[in-house]
Amino acid sequence: MLAYLIRRLFAVAVMLVVIMLVVFGIFFLIPKWTGVDPATMYVGKQSDAAALEGIRQKLQLDDPIYVQLVEFFKGIFVGRTYAGGGDVTQCAAPCFGYSFRSEQAIWPVLADRLPVTLSLAVGAAILWVIGGVAAGVLSALKRGTVWDRSAMMVALSGVSLPIYFTGLLSLAIFSYGLGWINGQFVPLEDSFSGWIGGMILPWLTLAFLYAAMYARITRATMLEIMGEDYIRTARAKGLREPVVIGKHAMRSAMTPVLTLLGIDLGALMGGAILTETTFSLPGLGQAVLKAISERDLPVILGVTLITATAVVVANLIVDILYGVIDPRVRLG
């Protein structure tokens, strides 16, 4: 298991380096190759020559590519100094850049918003995994019954309805209409109960969407597994049905669920724009939406790196869980 973990950690390190190289190329090389002045992308086309020259000096855009690449990596791991036009700005590690819109480093801004998106993703994931897997297992065990048809109908509705529809509908019913749930976001440090009240509707909205997919996948996988020879052998040995389902069938059925969870949870870290906009959550989704409208490229770069890292880390966790669930993975 240790050798397997070391191999996966090495692969993750290589993947993160490749991701940073790709991000560097997108934000620094492609504009030059296409004849676009990167400085104008930061301060706008209407800026005067002095402002553009100051940006070029601070970002070292006139330096050779390899120098810019070294400064890019250096900023992430040890920090960076932006100097130009008589102004010196220190950017502590991890330095994802310096916003010339807000006149501050990117990481502190994103660090304040990251817990909101992280809590949104993790909280919703717990609900959709528990709800989706349970509904899928019960549907598979009660195939063809009213429960099976009803659960799959609800699952189809969850996949079909967009987040902004179900989110606004839940706000209209449970917050504005019945007044049961506080629909306003409250920071965790201010009030735990208020934080739960502000996050429960986003969690349920996301869980309803994703649980539907997990229920369908779990049902299909369980139907296939329940007909396998080792399941019949376990029953022939006299094992109780809960043991057959929980210890044998569920372990095999969880493999595709974990695969899907790693992809969904990582992508959700950077793709929560609709949910955060619908419920006015100050997370990374809101930050990147504002950055796109203001052409604040350093913020977009920072969110891109965080999202890519989240996807890689989530898949690393899934790979480790593979080894826990299926010992054959560790031997491979």
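Buried means under 20% relative accessible area, exposed over 50%, and partly exposed in between (1.4 Å probe, protein chains only). The model is predicted: local features need pLDDT of at least 70, side-chain atom pairs count only at pLDDT 80 or more, and totals for chains, interfaces and linings use all residues. Residues are numbered from 1 along each chain as its sequence is written, and side-chain values use heavy atoms, with hydrogens and water left out.

**View 1. Asp112 in helix 5.** Helix 5 spans residues 106-141; helices (H or I, at least four residues) are DSSP runs, numbered from the N terminus. Asp112 is exposed, because its relative accessible area is 63%. Its C-alpha atom lies 8.8 Å from that of Pro282, 170 residues apart along the chain.

**View 2. Helix 5 crossing helix 8.** Helix 8 covers residues 192-225. The two axes come within 5 Å and cross at roughly 35 degrees. Axes are lines fitted to C-alpha atoms over the stretch in contact, with angles from 0 to 180 degrees between N-to-C directions. The crossing is right-handed: the near helix is turned clockwise from the far one by less than a right angle. Residues of this contact comprise 23 nonpolar, 6 polar and 1 charged. Nonpolar means Ala, Val, Leu, Ile, Met, Phe, Trp, Tyr, Cys and Pro; charged means Asp, Glu, Lys and Arg; the others, Gly among them, are polar.

**View 3. Thr275 in helix 11.** Helix 11 runs over residues 273-278. Thr275 counts as buried, because its relative accessibility is 2%. Leaving aside residues up to four places away in sequence, Thr275 touches Leu120, Ile163, Pro202 and Leu206 (heavy atoms within 4.5 Å).

Key: Helices (H or I, at least four residues) and strands (E, at least two) are DSSP runs, numbered from the N terminus.
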